[in-house]
Amino acid sequence: MAAGLGELATLLIGRASRLERAIGAALAGTPLGAPHWLVLTALHTQPDGRTMSDVAQLVSLPAATLTRSVDRLVDHALVHRTLDGADRRRVLVGLTDRGRTTYDEHRAAVDAALAAELDAFADWEREALRGLLTRTS
């Protein structure tokens with residue numbers, strides 16, 4: 001069983017790399033890359049913002065990459081940082097109006113690029129994969 005784990009890891013990493021390149025290609029001509037898109041995606045469903053820890057869990061980026069990505073998004077006025085009203089020791093990251101508009105403008109292109117990469121999977125297979133990858137132990 002363990003012998004197959006390396007092959008599984010190789011397949012998963014290879015597919016993730018292809019998906020990352022697809023996102024990058026869909027965002028060509030913008031200041032955004034795949035890590036920025038992952039952050040925007042994590043934030044677009046949470047109007048009040050998320051903590052950096054929450055974003056880190058959702059996007060699975062190394063801490064340094066996440067920090068650089070958020071910094072760049074702040075520089076482009078796509079996200080903002082605010083103190084959490086419930087716990088002033090925590091900082092929340094949220095989309096600005098410009099960030100929400102940017103996400104909405106590029107979502108169809110990114111979704112199309114991802115769909116092209118995942119078109120070999122039936123809907124039920126994509127849902128099964130989502131379930132397996134989000135399972136916690």
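**Exercise 1.** Leaving aside neighbours within four places in sequence, which residues is leucine 43 in contact with?

*Solution.* Start with the setting: this is a predicted model, where local features need pLDDT of at least 70, side-chain atom pairs count only at pLDDT 80 or more, and totals for chains, interfaces and linings use all residues. Residues are numbered from 1 along each chain as its sequence is written, and side-chain values use heavy atoms, without hydrogens and water. Next, recall that contact means heavy atoms within 4.5 Å. Leaving those neighbours aside, the partners of leucine 43 are Arg50, Val55, Val79, Val93, Gly94 and Leu95.

**Exercise 2.** Describe how α2 packs against α4.

*Solution.* Helices here are DSSP runs (H or I, at least four residues), numbered from the N terminus. Two packed helices are described by the angle between their axes and the distance between the axes. Axes are lines fitted to C-alpha atoms over the stretch in contact, and angles run from 0 to 180 degrees between N-to-C directions.

- Step one: the angle is about 80 degrees, and the axes of α2 and α4 lie 9 Å apart.
- Step two: therefore α2 is roughly perpendicular to α4 (65 to 115 degrees).
- Step three: Pro35, His36, Val39 and Leu40 of α2 meet Thr65, Leu66, Ser69, Val70, Arg72 and Leu73 of α4.

**Exercise 3.** Which residues make the contact between α2 and α3?

*Solution.* First, locate the helices: α2 covers residues 34-44 and α3 covers residues 52-59. Their axes are 10 Å apart, at an angle of about 115 degrees. Now list the residues: α2 brings Leu38, Val39, Ala42 and Leu43, while α3 brings Val55, Leu58 and Val59. Well done!

Definitions and conventions
Helices (H or I, at least four residues) and strands (E, at least two) are DSSP runs, numbered from the N terminus. Angles under 35 degrees count as roughly parallel, over 145 as roughly antiparallel, 65 to 115 as roughly perpendicular and the rest as oblique.
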